[in-house]
Amino acid sequence: MASISVLGIKIYAYHGCLPEETKIGSDYEVNVVVEYDIQRSTESDDLKHTVDYVLINSIVNEEMSVASKLLENVVARIIDKIIEAYPKIFSVEVSVAKKNPPINGDVIEVAVKDKRIKDKHF
């Protein structure tokens, strides 16, 4: 088993419970780690036998463009779409961090991370 990581995807999006968050927007950073069997792709050297990080990035951008109140909702949608695209993966972990959240205090980011493992969730 191997993993592919798509890290530091920077996106401007409109998530949050406060009205100004959905109007003004904020900077986000998304990280994705997918575990999968690389045997076939190492032998074939063919993109169709692996997890395409370009598609992962596209899924993240698509789901981040849909406004949600909670980051948990965004994370779950990204995971669901990756599983749909790659049903043979072993696990997928996604984190979404809101940079400089509008809360009282000096906070760099707030983040939600979830991981689904094949034997437990799909």
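Guide: Two strands count as paired if DSSP finds at least two bridges between them. Strands themselves are DSSP runs of E with at least two residues, and helices are runs of H or I with at least four, both numbered from the N terminus. The structure above is a predicted model, in which local features need pLDDT of at least 70 and side-chain atom pairs count only at pLDDT 80 or more, whereas totals for chains, interfaces and linings use all residues. Residues are numbered from 1 along each chain as its sequence is written, and side-chain values use heavy atoms, with hydrogens and water left out.

Visitor: Why are S2 and S3 called paired?

Guide: 8 bridges join S2 to S3, and the definition asks for at least two, so the two strands pair. They run antiparallel.

Visitor: What makes S1 and S4 edge strands?

Guide: Strand S1 (2-13) and strand S4 (109-117) each pair on one side only. The open sheet has 4 strands in the order S1-S2-S3-S4, with antiparallel pairing. Its twist averages 10 degrees from one strand to the next, where axes are lines fitted to C-alpha atoms (for helices over the stretch in contact) and angles between N-to-C directions run from 0 to 180 degrees.

Visitor: How do you know that helix H3 packs on the sheet?

Guide: Helix H3 (residues 53-64) touches S1, S2 and strand S3 (91-99), contact meaning heavy atoms within 4.5 Å. The direction of H3 makes about 35 degrees with that of S1. Helix H4 (residues 71-85) lies across S2, S3 and S4 and runs at about 145 degrees to S3.

Visitor: What share of the residues count as buried, and what makes a residue buried?

Guide: A residue is buried under 20% relative accessible area, exposed over 50% and partly exposed in between (1.4 Å probe, protein chains only). Of the 122 residues, 39% count as buried.

Visitor: How many helices and strands does the protein have, and in what order do the elements run?

Guide: The protein has 5 helices and 4 strands. From the N terminus on, the elements run β-α-β-α-α-α-β-β-α.
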